[in-house]
Amino acid sequence: MDFKYRNNGRMASDSDHDMFMHARRSSGPVTLGARLSRKKESMQYNHPKPPLTPNTTSSMPQAIPNPLLPSAPASPPTPAPSPTPHQRSPTSWHLALDDVEDPILEEARNAFRGLDITAKENWLRSLVDECDNHTLSFLHQIVSPRLKKDPFKALPNELCFRILEFVDDPKTFVRASQVSRRWREIVSDDQAWKTLCEKHAYRRMSSDSIGSSMNNSTASVSQILYSQHLRSASPSRILDNMLAIDENPEVVATPYDPVPTTGSRKQRKPRPNTTHRSHFKHRYLVESAWRKGGLMTARHIHPDQGVVTSLHLTKKYIVVALDNAKIHVFNTRGDHQRTLLGHQMGVWAMVPWEDILVSGGCDRDVRVWNMATGASVHTLRGHTSTVRCLKMSDARTAISGSRDTTLRVWDLTTGACTNVLMGHQASVRCLEIHGDLVVSGSYDTTAKIWSISTGQCLRTLQGHFSQIYAIAYDGHRIATGSLDTSVRIWNPQDGTCQAILQGHTSLVGQLQMRGNTLVTGGSDGSVRVWSLITNAPIHRLAAHDNSVTSLQFDDARIVSGGSDGRVKIWDTKTGGQIRELSQPAEAVWRVAFESERCVVMASRAGRTIMEVWDFTPPPEDGDGQAGERSVEIKTPVGPIVDEDMADVEEDEDHKSEMIDAYSTGGEESEGMTD
C-alpha cells in the first residue's frame, strides 16, 4: 500500500506539473527575464534519474540496513576516475560543433552585443552577483588569460630596450631569453647588453690600467668592476645560458691581445672583436673567479734567500727586486726571463716604463735597464747614500730620492743629472709625481712640492710630528702617512692642511688614493677606508695580526698582505672579506694585481716563493689550460720545470668541466720538488 501511495503521489505530482507548464505556455508572450528564469527551472527539475540497482534476491526494493552507528562519520565520496586519452579537457571554452545552443542564450548574447558599455557593465555586475564561489572561480579561469598581454609583443623595440634598462641582474637576462622567440630577439640585441655593461661599469679592457708596485703608495691599478648582485650566481650556469643567446652581428672593436708566453706548450689565442654580451660574460667570469676561483702558478726562487724589496706588475713583465742585489724579470705567466745583475748591494727602489727599468739601492747607483734584452743602458752616479725611492714622469725623465736628503732629476737618454733638489734635512723616504710637480716625504717630518722643470721648491707641508713614510698625490690633493699614526690631507695650491685622519695606532706606511677614496694600512695590522669628501672613515678592517706590508685597491676589491703571512681580499664597497687568496706563509713581502692577474711574493718554509694567480676565463675554443700549476726555478737563470695541463676538447661536456674547475679554484696543486 505504501508503494502504491507513493506511486500515486508521484503520478499526481507529475500531472500537476504538466498542467502548470501547459498553462504557462498558453499564457501568451513573456519577457526575456522570465524565459531565463523558466530555463533555469527546467534545468533544475529535469535531472536524469539514476538507474535502479538490480536485486537478484527479490524483485521488490528493500531498505538497505545501515551497518554504521548514528554517530559514525559518513564514508567519503568516491573520487572521479582519471580521464582517459579519449577524455581530454576542452581546449576552448566555446561550444563544441555537435552542441546546439539554446535559442534563449543566443538571443541573450545578441541582445548583449547591442548594449552600450554602461549597460554591459550593469548586466555583468548583476550576473556576477548571482554566482557562487565555484562559478566565480570558473569565471576567473576564463577571464584571467584574456587580460594577460606580452609587453615585448605589444611595444616597439625602443620601449622594450627602455624597460631592459631597469634590469641589473644578468640572471634575469638569460632567463628572459628563454620565454619566447620575441623575448630572445629583444634580449639578444647588443644594445640591451651594452646597457647592462654600463650599469655594472664593465668598461672595455683597452681602457684598463695596469697595477704597479705595492712599494709605492699610489700604484697604478686596473679598473675591476663591481656587481654585488652576482655573488650567489653560478658562473658556469650563467655562461651556459648566455651561450644559448644568439650572437648579434653588431660588434665593438675591443681586441684582447694577451702577452705571448714562453715555456708553455700551447699559447692562448687572441680574442676576436666581441659584442657587449660576450664582453659582459667575460667580465662576469673574471669577477666570479676573483671571489672563488683562479689558476695559481707557484715559483720557488732558489738559492736566493733575500727579502723582496719591490714588486711591479706591468702588461708584459713581473719584476722582482731583492735585497741581495738581484732583479728577476718574469713574463706575466711567471716564466723566468732573465736576471739583471749589476748592483753591488741590495736594490730598494725601482720603476718600470714599458721595456725600460730604472733601479736604485744601497750602492748609491741608479741603473737603467732594457728588460727585453737584459742589458744595462746607463749607470747614473751622484747620490752619496742609499737610493730609497724612484719615479718616472715620462719615458725620458726619472726622479730619485736618497738618504743623502736630496732628490735628483735624470735624463735617461743621455744619463745626465739635470737637477738636484735640495731642501730636506733628513732622508727622503717617498715621492709621487703628477705632471711637472713632484711631492717628496722625508724623515724630517715635512713634505715638499717641487717643480721638475725648474728644480724649485714651491711648497713645504709642515704639521706631522714624526717621520713621513708614505705619500699619495693625484693632482688635486696630497695625503701623507707618518710614524705619528696620523694621515694628513693637504691642498697643493696653498700648502694648507685640510684634514687630519686619525684612527691608526701605529705607523701608517701604506697609502693609496683613488678618486674620493683613500685606503691606508698601518703597522697595527688594520686597513681603513676613508671618504675624502667627508674626511671620515667608511670601513675599519682588522686585516692582519701584524704589520700591513702591502696594500692595493680598485673599485671592486682591496688586496692586503701582512707580515702574518696572509693575503686577504676585501670588498671595497661593503668592507666584507671576500676570501683569503693563498695558503698562509711565514711572511708576505709584496702583493700586486691588475684586472685578471695577481702576484704574491712571500716567504714559506724558509724560501722565497712567487705565486701568480690568473683569473682569465678559459678560452671558448677549447685551447687553454685548467687547474693549478706548480713550478720551481732551480737557479735564477736556470731551466724551468713546468707541467702543462691536459688539453680541453671542444665538446660542451669538457668545456663545462673546465669552467666548473676554473670557478672553484682548479685542480689540486702537486707538490713542489727540489
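A: Here is a walk around one tryptophan and its surroundings. Keep in mind that this is a predicted model.

The residue is Trp570, and its place is in strand 28. That strand covers residues 567-571 and pairs with strand 29, residues 577-580, in the antiparallel sense over 3 bridges. Across the pairing, Trp570 stands opposite Gln577 in strand 29. The hairpin made by strand 28 and strand 29 has 5 residues between the strands, and in it Gly575 takes a positive phi near 80°.

Now for the surroundings of Trp570. Its relative accessibility is 6%, so Trp570 counts as buried, the cut-off being under 20%. Leaving aside neighbours within four places in sequence, its contacts include Gly575, Gly576, Gln577 and Ile578. Further back in the numbering, Trp570 is also in contact with Leu541, Ala542 and Ala543, and with Ala556, Arg557, Ile558 and Ser560. With Ser560 there is a polar contact too, side chain to side chain, at 3.1 Å. As for Val559, 11 residues away along the chain, its C-alpha atom is separated from that of Trp570 by 6.5 Å.

Over residues 541-580 the chain is 55% strand and 0% helix, with the end C-alpha atoms 14 Å apart. For residues 340-379 the values are 60% strand and 0% helix, with 13 Å between the end C-alpha atoms.

Definitions and conventions:
Residues numbered from 1 in each chain as written. Predicted model: local features only at pLDDT ≥ 70, side-chain atom pairs only at ≥ 80, totals over all residues. Heavy atoms only, no water. Pairing = 2+ DSSP bridges. Helix = DSSP H or I, 4+ residues; strand = E, 2+ residues; numbered from the N terminus. Buried < 20%, exposed > 50% of the residue type's maximum accessible area, 1.4 Å probe, protein only. Contact = heavy atoms within 4.5 Å. Polar contact = N/O pair within 3.5 Å; in protein donor to acceptor, adjacent residues only side chain to side chain.
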